[in-house]
Amino acid sequence: NSLNEFLLEAKDASEIAQARLLKAETQFAAGQYAEAAVTYGSLVPGSLPDALRADAAYKHAWSLARTGRAQESVVAYSDFIERFPRDERIPKALVARGMAHAEAGASDAAFRDFDRVIQSHPDSKERELAMLQKGLVHGSKREYDQMRADFEALVKAYPESTARAQAEFWIGYAKFEQKDYEGSLPHFETARKLDAQTYGDRA
C-alpha cells in the first residue's frame, strides 16, 4: 500500500517515524496486534514527539500481551512504567504486567505488581481488577488460604463488583477444600444467585 511504498522511499527520520506510527495505529485499530507489535517495536523512541511516545510505548506492550508474548510484554510494560511514571495508565500497565508475569510463571513478581496497584492506587478502577487477579493467581497455585483472603477483601471493598459471583464461588471453594463444608454453603448459594448461568450447576 501507499504507506509501505512511502517507507521504502522516505529518507527523513521524522517522516519515517510518523509513517510507521500511522501504520501501527492502523494495525492496532484493526485488531492486527501481532503486526502492530512489530511496527510499534520498530519505532525509535527519540524519533517521535513527546506527546506520542507514551501512547506508542503503551500500545506496543499491550499488543505483545494480546499475542501471547508474555515475557516481551513484561519488558515493554516495564519500559513504559519507567519512562512515563506520571501517565494515567500506570495502574493499567501494572495490572497488565502482573498478568503477564503470572502467565510467564513469575507469580511473586505478579503479586508485587498487583499489590502496588492495591496499595498505591486506591482510587483507580484497576484496583478491583488487581484484587481479582491476585486471588486467581493464588488459586492457580492452590494457595487457598491466600486466595480466600484475597476474595474476601475484594467482596468487602467492592460489594457491587461484577466479579462478586466469581469471588463468592472461590471463597466457597477454599472453605470446601479446607473441609469447612457448612461454611462454604452460603458462598456457593450467593454465587448461584448472582450468576446462575456460570455457577448454577458448578456451585
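Is Arg192 buried, partly exposed or exposed? Arg192 has a relative accessibility of 35%, so it counts as partly exposed. This report starts from that residue. The model is a predicted one.

## A pair within helix H11

Arg192 has a partner. Its side chain meets that of Glu189 in a salt bridge, with 3.8 Å from N to O. Both residues sit in helix H11. They are 3 residues apart there, which means about one helical turn separates them. Glu189 is partly exposed too, because its relative accessibility is 46%.

Leaving out residues up to four places away in sequence, Tyr199 touches Ala165, Gln166, Phe169, Ala191 and Arg192.

## Tyr199 in helix H12

Tyr199 belongs to helix H12, which covers residues 196–199. How accessible is Tyr199? Its relative accessibility is 7%, so Tyr199 counts as buried.

Take one of its contacts, Ala165. Along the sequence, Tyr199 and Ala165 are 34 residues apart. In space, their C-alpha atoms are 8.0 Å apart.

## Salt bridges and a network

How many salt bridges does a search of the whole structure find? The search finds 13. One of them joins the side chains of Lys59 and Glu25, at 3.1 Å from N to O. This pair links distant parts of the chain. Lys59 is in helix H4, residues 50–66. Glu25 is in helix H2, residues 13–29. Lys59 counts as buried because its relative accessibility is 16%, under the 20% cut-off. Glu25 is at 27%, so it counts as partly exposed.

Next come Arg89 and Asp87. Their side chains form a salt bridge of 2.9 Å, N to O. Both of these residues are buried. Which residues are linked with them in a network of salt bridges? The network holds Glu25, Asp55, Lys59, Asp87 and Arg89.

## Lys134 in helix H8

Lys134 lies in helix H8. Is this lysine buried or exposed? Lys134 has a relative accessible area of 17%, so it is buried.

What does the side chain of Lys134 join in a polar contact? The partner is the side chain of Asp115, at 2.8 Å. Asp115 is also among the residues that Lys134 touches.

Most residues other than glycine have a negative phi. Two residues here go the other way. Arg142 is not a glycine, yet its phi is positive, about 60°. Lys179 also has a positive phi, near 65°, and it is a residue other than glycine.

Where are they? Arg142 is in the loop between helix H8 (126–140) and helix H9 (144–157). Lys179 is in the loop between helix H10 (164–177) and helix H11 (181–194). Arg142 is exposed, because its relative accessible area of 62% is over 50%. Lys179 has a relative accessible area of 60%, so it is exposed as well.

Note on methods
Residues numbered from 1 in each chain as written. Predicted model: local features only at pLDDT ≥ 70, side-chain atom pairs only at ≥ 80, totals over all residues. Heavy atoms only, no water. Helix = DSSP H or I, 4+ residues; strand = E, 2+ residues; numbered from the N terminus. Buried < 20%, exposed > 50% of the residue type's maximum accessible area, 1.4 Å probe, protein only. Salt bridge = Lys/Arg side-chain N within 4 Å of Asp/Glu carboxyl O. Polar contact = N/O pair within 3.5 Å; in protein donor to acceptor, adjacent residues only side chain to side chain. Contact = heavy atoms within 4.5 Å.
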